[in-house]
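Keep the sequence and the 3D view open while you read.

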There are 2 protein chains.
Amino acid sequence: MDTVRIIELKESILEDNDQDAQVLREELKKGGTCLLNLMSGPGSGKTSTLLALAPYLSAQMRWAVMEADIDSDVDAKTMLQAGIPSVQLHTGGMCHLDADMTRQGIRSLGEAHYDLIVLENIGNLVCPAEFDTGAAINMTILSVPEGDDKPVKYPLMYEQCDVLVINKIDTLPVFDFDRDRVETVARMRNPDVRIFYISAKTGEGVEELAVYLADRVRTWNKGSN
Amino acid sequence: MDTVRIIELKESILEDNDQDAQVLREELKKGGTCLLNLMSGPGSGKTSTLLALAPYLSAQMRWAVMEADIDSDVDAKTMLQAGIPSVQLHTGGMCHLDADMTRQGIRSLGEAHYDLIVLENIGNLVCPAEFDTGAAINMTILSVPEGDDKPVKYPLMYEQCDVLVINKIDTLPVFDFDRDRVETVARMRNPDVRIFYISAKTGEGVEELAVYLADRVRTWNKGSN
């Protein structure tokens with residue numbers, strides 16, 4: 001197995017992140033790369049969802065993962081062990097990534113071309129939502145054990161996400177979790193949000209999500225999104 | 001039931017939060033009030049743990065809860081319904097509370113004397129750990145479904161917490177969760193951390209935690225902590 005490469009991100013000096021994110025998005029589009037910004041609270045299953053998606057995605061496209069974390073390299077290690085090109089990005093204590101930090105990560109992936117680059121953002125439902133990373137797809141995971149009140153409590157995250165993945169549905173019998181409540185408030189935050197129910201553990205629902213994402217990636221990279 | 005009072009916190013103008021937090025801690029000690037800063041990621045069960053502790057705490061002391069959130073008033077409503085004095089603090093999008101914001105919350109509780117005031121901080125494992133709120137006790141909840149790697153990934157949170165509550169232990173059979181891994185890394189972050197295993201849902205372990213907290217409160221308020 002390759003050794004995990006750890007990239008220490010530098011704090012951005014750019015003042016207008018929204019503008020910078022737009023520039024990055026256009027650069028990526030021109031290069032035929034779709035950037036997916038994956039967000040959630042801690043322990044919702046970002047890494048395990050990527051692992052579950054891997055067989056489907058790898059069959060259809062070249063893709064890589066940037067694992068952002070305050071510290072540790074456990075997630076990049078996990079992805080590498082699964083044979084997926086990945087780097088570990090360290091934010092030096094910062095609670096989010098902006099477009100410039102994302103660009104530093106993308107550069108660290110090297111010269112190879114990827115159809116899809118996934119940024120696994122810091123596990124945090126507050127700050128990452130405030131910074132446009134330049135992503136074409138903003139995907140948020142909510143796991144059943146976290147509870148059905150998260151779209152009520154973290155409005156900006158649910159306004160920003162255009163794909164909502166409800167994970168750990170194998171634990172629905174164990175928790176009080178009202179799907180209608182989640183869907184109603186999530187659609188109030190973003191009427192166009194696409195919602196998927198999966199269990200990264202059992203694999204339920206994962207193929208449907210993979211098919212949708214692969215289609216989004218193809219459409220984006222064709223320039224007809 | 002009383003109506004939920006919502007306090008919109010103003011951003012602090014003080015530059016030295018550590019100093020301000022120390023001042024607040026001393027003021028509270030002088031007044032015989034113990035402040036408990038309750039932190040966790042989203043959905044770990046902060047509110048339900050407080051509800052489970054309530055019968056034990058209410059029998060022994062006067063206590064109140066400040067529910068901090070970006071938005072919504074669901075948590076303060078829940079506490080009021082359970083007969084516990086509480087206010088809802090809104091941070092206006094901010095991801096943490098500092099000592100001055102905490103002081104604004106305490107003032108909003110009015111003139112009544114409380115032996116214990118709980119600050120239920122924003123659901124976030126990153127930013128709240130960076131700001132001393134003036135609390136005498138920093139308590140962090142980790143729920144089993146979040147996974148046993150959280151002390152590895154969120155080092156500062158686990159350095160700051162002196163009471164670690166592992167919640168939702170009724171779901172241990174459903175998740176891969178290595179207690180030894182959590183305890184080892186948590187004690188590496190803070191060798192003096194006290195660790196409790198509870199299920200706020202079934203009540204398991206809650207009395208032991210309540211006895212410990214009541215003792216901490218009494219000791220603090222006697223001035224002999």
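A:M39 stands opposite A:T140 in β6(A). Strand β2 (residues 34-40) of chain A is joined to strand β6 (residues 137-143) of chain A by 5 bridges, and the two run parallel. Strands are DSSP runs of E with at least two residues, helices are runs of H or I with at least four residues, and both are numbered from the N terminus. Two strands pair if DSSP finds at least two bridges between them.

This is a predicted model: local features need pLDDT of at least 70, side-chain atom pairs count only at pLDDT 80 or more, and totals for chains, interfaces and linings use all residues. Residues are numbered from 1 along each chain as its sequence is written, and chains are lettered from A and ligands numbered from 1 in the order in which they are written.

**The sheet of chain A**

- Chain A has an open sheet of 8 strands with parallel pairing, in the order β1-β4-β3-β5-β2-β6-β7-β8.
- β1 (6-8) and β8 (194-197) of chain A stand at the edges with a single partner strand each, so one side of each has no neighbour in the sheet.
- From one strand to the next, the twist averages 25 degrees. Axes here are lines fitted to C-alpha atoms, for helices over the stretch in contact, and angles run from 0 to 180 degrees between N-to-C directions.

**Strand β2 of chain B**

- In strand β2 (residues 34-40) of chain B, 7 of the 7 residues are buried, so the strand is largely enclosed by the rest of the structure.
- A residue is buried if 20 or more other C-beta atoms lie within 10 Å of its own, exposed if 12 or fewer, and partly exposed in between, with C-beta atoms placed from the backbone.
- Both faces of β2(B) are covered. B:C34, B:L36, B:L38 and B:S40 are buried on one side, and B:L35, B:N37 and B:M39 on the other.
- β2(B) runs parallel to β5(B), and 5 bridges join them. B:C34 has B:L116 as its bridge partner in β5(B).
- β2(B) also pairs with strand β6 (residues 137-143) of chain B, in the parallel sense over 5 bridges. Here B:S40 stands opposite B:I141.

**Helices of chain B**

- Helix α3 (residues 74-81) of chain B has B:D75, B:A76, B:M79 and B:L80 buried.
- Seen down the axis of α3(B), these buried residues fall within an arc of 135 degrees, so they line one face of the helix. The arc is that of the directions from the helix axis to the C-beta atoms.
- The cover over the buried residues of α3(B) includes α2 (46-60), β3 (63-69), β4 (86-90) and β5 (116-120) of chain B. Two residues are in contact if their C-beta atoms, placed from the backbone, lie within 7 Å.
- Just after α3(B), B:G83 takes a positive phi of about 80 degrees.
- Helix α1 (residues 17-30) and helix α4 (residues 99-108) of chain B pack at an angle of about 35 degrees, with their axes 8 Å apart.
- At that packing, B:N17, B:D20, B:A21 and B:L24 in α1(B) meet B:A99, B:D100, B:T102 and B:R103 in α4(B).
- The residues of this contact divide into 3 nonpolar, 2 polar and 3 charged. Ala, Val, Leu, Ile, Met, Phe, Trp, Tyr, Cys and Pro count as nonpolar, Asp, Glu, Lys and Arg as charged, and the others, Gly among them, as polar.

**How the chains meet**

- 28 residues of chain A are in contact with 28 residues of chain B.
- Helix α5 (residues 150-153) of chain A gives the most to the side of chain A that touches chain B, with 3 residues.
- That side of chain A divides into 13 nonpolar, 8 polar and 7 charged residues.
- 100% of the interface residues of chain A are also interface residues in chain B, so the copies meet through the same surface.

**Residues to look at**

- Most residues other than glycine have a negative phi.
- A:S72 is not glycine, yet its phi is near 75 degrees, a positive value. A:S72 is found in the loop between β3 (63-69) and α3 (74-81) of chain A.
- With 19 C-beta neighbours inside 10 Å, A:S72 counts as partly exposed.
- B:K168 has a positive phi near 60 degrees. B:K168 is in the loop between β7 (163-167) and α7 (179-189) of chain B, and is buried, with 29 other C-beta atoms within 10 Å.
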